[in-house]
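Me: I am new to this structure and would like a close look at a single part. Please begin with one loop, and then lead me on from there in one connected answer.

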Amino acid sequence: MTKLSVNINKIATLRNSRGGDVPNVVQFAKDVQRFGAEGVTIHPRPDERHIRYQDAYDLKPEVYTEFNIEGNPIESFIELVLKIKPTQVTLVPDAVDAITSNAGWDTIKHKDFLTDVIKEFQKNNIRTSIFIDPILNQIEGAKKTGTDRIELYTEAFAYQYGLGNKNAIKPYIDASELANHLGLGINAGHDLSLDNIQFFKEKVPNLLEVSIGHALIAESLYLGVENVINMYLHKLKKCF
């Protein structure tokens, strides 16, 4: 079964744009879980332009499903994760000035660094995942780091699927088949939406988790949060 983790960064972006504490990210996390989401994802960045480090601490006692913290493993991020001990940490090679995640790790070039970071997290009973492009030698490289899972970076698929190119799924099928063979768990995220999630889920074998934020929040403006979460769960064959 594929779990739905809701990325709540956009709720923090909206809050920060006005100041104050509306909308409240902790309450939103409580609500999405109550509506059926099986995880909450946050992605704090060094400039705290959306999720703040304090939000991570505030959320910890309220996330009773899976808590997934994404980010570039700089020193402050590593310290944060080790203090909070979420269910999962997803390592993302963000540039400081990146608007959003725009590339996966080069697991060959950064093998030693990733291996050391992953060992530290696993020593603290935190499941690890590496954000990665669907490139076979990079998945082989991910296996050598000792990571528990990979998260397939799905922007390329989502863009091409939106143009009608369903063949854009092939690299993801190949990547997932290799990951399954190597014993790596498979997550996915970035630009997945109600339009493409069912197709992606049906084609990618043993997909364990999807992390969806921007599209889910945008869709909720029209359809309502509770309704949208249940629509995702239905498409992931988790409901009924």
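Reply: E48 is found in the loop between β2 (39–42) and α3 (53–59), where helices (H or I, at least four residues) and strands (E, at least two) are DSSP runs, numbered from the N terminus. The model is a predicted one, in which local features need pLDDT of at least 70 and side-chain atom pairs count only at pLDDT 80 or more, while totals for chains, interfaces and linings use all residues. Residues are numbered from 1 along each chain as its sequence is written, and side-chain values use heavy atoms, with hydrogens and water left out.

E48 has a positive phi of about 50° although it is not a glycine. Most residues other than glycine have a negative phi, and most peptide bonds are trans. E48 has a relative accessible area of 31%, so it counts as partly exposed; buried means under 20% relative accessible area, exposed over 50%, and partly exposed in between (1.4 Å probe, protein chains only).

A positive phi is also found at N206, with a value near 60° in a residue other than glycine. N206 sits in the loop between α9 and β8 (207–212), and with a relative accessibility of 54% it counts as exposed. A cis peptide bond, with omega about -5°, joins V22 and P23, and P23 lies in the loop between α1 (9–18) and α2 (25–34).

Although 30 residues separate S76 from P46 in sequence, the two are 8.1 Å apart in space, C-alpha to C-alpha.

A search of the whole structure finds eight aromatic pairs, where rings of Phe, Tyr and Trp (its six-membered ring) pair if their centres lie within 6.5 Å, and planes under 30 degrees apart count as stacked, over 60 as edge-to-face and the rest as tilted. One of them is the tilted pair of F131 and Y153, at 5.0 Å centre to centre and with 45° between the planes. This pair links distant parts of the chain, with F131 in strand β5 (residues 127–132) and Y153 in strand β6 (residues 149–153), 22 residues apart. Both F131 and Y153 are buried.

The rings of Y161 and F199 have their centres 5.2 Å apart and their planes at 35°, so this pair is tilted. Here too distant parts of the chain are linked, since Y161 is in helix α7 (residues 155–162) and F199 in helix α9 (residues 197–203), 38 residues apart. F199 counts as buried, at 14% relative accessibility. Together with F157, Y172 and F200, the residues Y161 and F199 form one aromatic cluster.

Strand β6 also holds E151. E151 is buried yet has no salt bridge, and the nearest side chain of opposite charge, R149, is 8.8 Å away; a salt bridge is a side-chain nitrogen of Lys or Arg within 4 Å of a carboxyl oxygen of Asp or Glu, and Lys and Arg count as positive and Asp and Glu as negative, with His and the chain ends not counted. Leaving aside neighbours within four places in sequence, E151 is in contact (heavy atoms within 4.5 Å) with several residues, among them E70, T90, F131 and N187.
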